[in-house]
Amino acid sequence: RRACDTGWREGVAPRGLGLLTDKRFSNTNQARHCYSYYNAYHQCMYENNDDASACFKLKRHYMSLCPTKWTETWDEQREAGCYNGPVPGEK
């Protein structure tokens, strides 16, 4: 399977599909925060010339919020050049 071929089977929601939220269960609705911290970490790494110490807190946040399968898939997509999210250095 190619890194860019994702879907529900792999546990990653297709891009553009809204996530249902319920404010009564705020600790279970962390997908948006996961995605934001993951992208913020990669932007930080870009801006700090891959200095991991400068971006440690962002990495810790996304690692605690995101399912491992999601981050592994996103990392594979970044390496393959087909990540759907924001890519640091490209505007």
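This is a predicted model: local features need pLDDT of at least 70, side-chain atom pairs count only at pLDDT 80 or more; totals for chains, interfaces and linings use all residues.
**View 1. The largest nonpolar core.** Eleven residues make up this core: Cys 34, Tyr 38, Tyr 41, Cys 44, Met 45, Cys 55, Tyr 62, Cys 66, Trp 70, Trp 74 and Tyr 83. H1 gives the most, with five. In soluble globular proteins, nonpolar side chains tend to be buried together.

**View 2. Contacts of Cys 34.** Cys 34 belongs to the largest nonpolar core. Leaving aside residues up to four places away in sequence, Cys 34 touches Tyr 62, Leu 65, Cys 66, Trp 70 and Trp 74.

**View 3. Asn 29 and Leu 65.** Asn 29 lies in the segment before H1. In sequence, Asn 29 and Leu 65 are 36 residues apart. In space, their C-alpha atoms are 9.8 Å apart. Asn 29 has a relative accessibility of 22%, so it counts as partly exposed. The cut-off for buried is under 20%.

**View 4. Asn 49 and Asp 50 in a loop.** Asn 49 sits in the loop between H1 and helix H2 (56–65). Asp 50 is in the loop between H1 and H2 too. Asn 49 is not a glycine, yet its phi is positive, at about 50°. Asp 50, also a residue other than glycine, has a positive phi near 60°. Asn 49 is exposed because its relative accessible area is 70%. For Asp 50 the relative accessible area is 59%, so Asp 50 is exposed as well.

Notes:
Residues are numbered from 1 along each chain as its sequence is written. Side-chain values use heavy atoms; hydrogens and water are left out. A nonpolar core is a set of buried Ala, Val, Leu, Ile, Met, Phe, Trp, Tyr and Cys residues joined through side-chain atoms within 4.5 Å. Buried means under 20% relative accessible area, exposed over 50%, partly exposed in between (1.4 Å probe, protein chains only). Helices (H or I, at least four residues) and strands (E, at least two) are DSSP runs, numbered from the N terminus. Contact means heavy atoms within 4.5 Å.
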